[in-house]
Amino acid sequence: MNPVTATERLPVTGAWREGDPPGRRRWHPAGRPLPLEAGGELPGVRLAFETWGRLAPDASNAVLVLHALTGDSHVAGPAGPGHPTPGWWDPLVGPGRALDTDRWFVVAPNVLGGCQGSTGPASTRPDGRAWGGAFPFLTQRDQVAAEAGLADALGVERWALVVGGSMGGMRAVEWAVSYPERTGALLLLATTAAASAEQIAWAGVQLRAIRSDPGWQGGDYHDSGRGPATGLGLARRLAHITYRSEPELATRFGRAPQGAEDPWRDGRYQVDSYLDHHAAKLVRRFDAASYVTLTEAMNAHDVGRGRGGPRAALARVTCPALVAGVDSDRLYPLAQQRELASLIPGADRPRVLESPYGHDGFLIESEQVGSLVRELLG
C-alpha cells in the first residue's frame, strides 16, 4: 500500500484539514449505486463519519467503531453544532484511553439508513424529493457493504479491530464474515448471530406504534410539516423499558409519584416521567422513518442467511475475537453471546459485563469494555 494519508485518498465534503479538531463530521459520497441484498440498488449513497487520531503510513492502526440503533458517528467529544449529545462512548476514545488516539486511528460511520448525515429516508432522491416511504429495504449486509466503500476511500485494507454493540454488533459480525481478510480482531457486545422471535416481536410493536400514527402518512411526511412524533415517542418508551433492567427501575423509581402529581388523578409515576423524558429527547433528534428502516434491518439480521446457517457462516471468521454480554440484559440475553463465542473459531471464552443497567450496560460500563478493548489490541 502506498504511504498516502487518509485526507489525500478520501473524496469527501467537509474534508479533514491540518488543525481540525478530532471528531469533526465528514462525508464520503459513494461513486456508484449500492446493490441491495433485497434487490435493486440505492443511488446517491453517502456516509457521514468522524475520526480520531492519525492513520499510520501503512494504514495498520485503523479501528472501526459501530453504533447501536439510535446512535451516530459522534463516539467521543462534547455536544455541539451537529452533535445534539456528547459522545456515546467518550470514556473509551482519546489519548491514554482504551482506544488511545495517540496510537490508533478510530473511525465511526453513521449507519446507512440513519439520520445523522448518512443517506436515509429523509435524504433527497434523484428526483429532488425526500425518499420517505420509497426508501428501499436495507439489511445489515447492505450497511456493511457501504462501510467497506468508506474503508476503501480511507485507504484501510484491514481494520486492526472492529467493535460494536447491539445493532453495531450485528454489523461487526457481518464485517468479520463478509470480509474476514479485512477484520484483524473482533469485539462483539450484547448482540446476536440472528434476531430472535422475541426481539422481532418487541421491535414489531414499536414499528406498529409509528405506522399507526396518522402523521406517518405512509412514510411520506418529510415535506408535509407533520410527522409521527407520537408514534416515535411510544416506540422509544417501549424500547427503553427493554434496554434497562427491572431491578434498576425498581431501585431508581419504585412506585413513587412524579413530584406533586397524583397517579390516581391522571398524574404520573416517576418511571412514567423518565420514559417521557427519553421519548422527547429522541423525537427531537431522530427521524421516525430512519427508526423504521434500521429496526427492520435489525429484524432481518441473520448471519447464516444464504450461508448454510450460523455455524457455517461464523466458521469464516479468521481473526481473534471476544464476545461479551451484560448479566442483566433481558433483550439480548447471555445465551446469545455464548452461542456466538462457541461458533467463532478464534473466540475466547464468553465474557460477562456486570451491570445493573440491562442492555444499556454495554454503553455505560466503559471501564469493563475498555479492558476488553485493551486485551484485543494488546
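I looked up Asn110 and found it in the loop between strand S6 (105-109) and helix H2 (140-154); helices (H or I, at least four residues) and strands (E, at least two) are DSSP runs, numbered from the N terminus. The model is predicted: local features need pLDDT of at least 70, side-chain atom pairs count only at pLDDT 80 or more, and totals for chains, interfaces and linings use all residues. Residues are numbered from 1 along each chain as its sequence is written, and side-chain values use heavy atoms, with hydrogens and water left out.

I checked burial next. Asn110 counts as buried because its relative accessibility is 1% (buried means under 20% relative accessible area, 1.4 Å probe, protein chains only). A polar atom of the Asn110 side chain lies 3.2 Å from the backbone nitrogen of Gln116. Neighbours within four places in sequence aside, Asn110 is in contact (heavy atoms within 4.5 Å) with residues including Leu47, Phe49, His67, Asp72 and Cys115.

I then traced the sheet. Eight strands make an open, mixed sheet in the order S1-S4-S6-S5-S7-S8-S9-S10. Strands S1 (26-29) and S10 (351-353) are the edges, each pairing on one side only (two strands pair if DSSP finds at least two bridges between them). S7 (161-165) and S8 (186-189) run parallel over four bridges. Gly164 stands opposite Leu188 in S8.

Last, I turned to helix H5 (229-243). H5 has 15 residues and reaches 21 Å from first C-alpha to last. Buried residues in H5 include Gly231, Leu232, Arg236 and Tyr243. The buried residues of H5 pack against helices H4 (197-211), H7 (270-285) and H8 (288-300).

Conventions: Expected span 1.5 Å × (residues − 1). Buried < 20%, exposed > 50% of the residue type's maximum accessible area, 1.4 Å probe, protein only. Polar contact = N/O pair within 3.5 Å; in protein donor to acceptor, adjacent residues only side chain to side chain.
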